[in-house]
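Dear colleague,

I am passing on the structure below, which will be new to you. Please look it over first, and then read my notes on what was found in it.

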Amino acid sequence: ADAGRPGHASSGLRCQIWNGLQGGVANSRHMSGKALDFYIEGFTGSQLLSKAQADPRTRYAYIIDGQWVHVDVH
């Protein structure tokens, strides 16, 4: 919402089977609804990563494939 632009999610909440098919780790925070892979139109992966890391709700974040960002929250 803060970006004022459309955002796109590729992976949010996952069941154990889907997590395994996606190559997720056994304790993936996607399975508890505490992880998201996303991008926002008009932002680079580096810009999104900086924003995610500045948010106090973020546990950690990293760039996926240049434009997408993975975020784990507390």
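With which side chain does the side chain of His70 make a polar contact at 3.5 Å? In this predicted model, the partner is the side chain of His30, and the side chain of His70 also makes a polar contact with that of Asp72, at 2.5 Å. His70 lies in strand E4, which covers residues 68-73, and because its relative accessibility is 5%, under the 20% limit, His70 counts as buried. Leaving aside neighbours within four places in sequence, the residues in contact with His70 include Tyr60, Tyr62 and Asp37.

Asp72, for its part, forms a salt bridge with Arg29, with 3.9 Å between the closest N and O atoms, and here strand E4 is linked to the loop between H1 and E2, the two residues being 43 residues apart. Asp72 counts as buried, at 3% relative accessibility.

A further salt bridge joins Asp55 and Arg57, whose closest N and O atoms are 2.5 Å apart; Asp55 is partly exposed, at 22%, while Arg57 counts as exposed, at 58%. Finally, salt bridges that share partners join Arg29, Arg59 and Asp72 into one network.

Conventions. Residues numbered from 1 in each chain as written. Predicted model: local features only at pLDDT ≥ 70, side-chain atom pairs only at ≥ 80, totals over all residues. Heavy atoms only, no water. Helix = DSSP H or I, 4+ residues; strand = E, 2+ residues; numbered from the N terminus. Buried < 20%, exposed > 50% of the residue type's maximum accessible area, 1.4 Å probe, protein only. Polar contact = N/O pair within 3.5 Å; in protein donor to acceptor, adjacent residues only side chain to side chain. Contact = heavy atoms within 4.5 Å. Salt bridge = Lys/Arg side-chain N within 4 Å of Asp/Glu carboxyl O.
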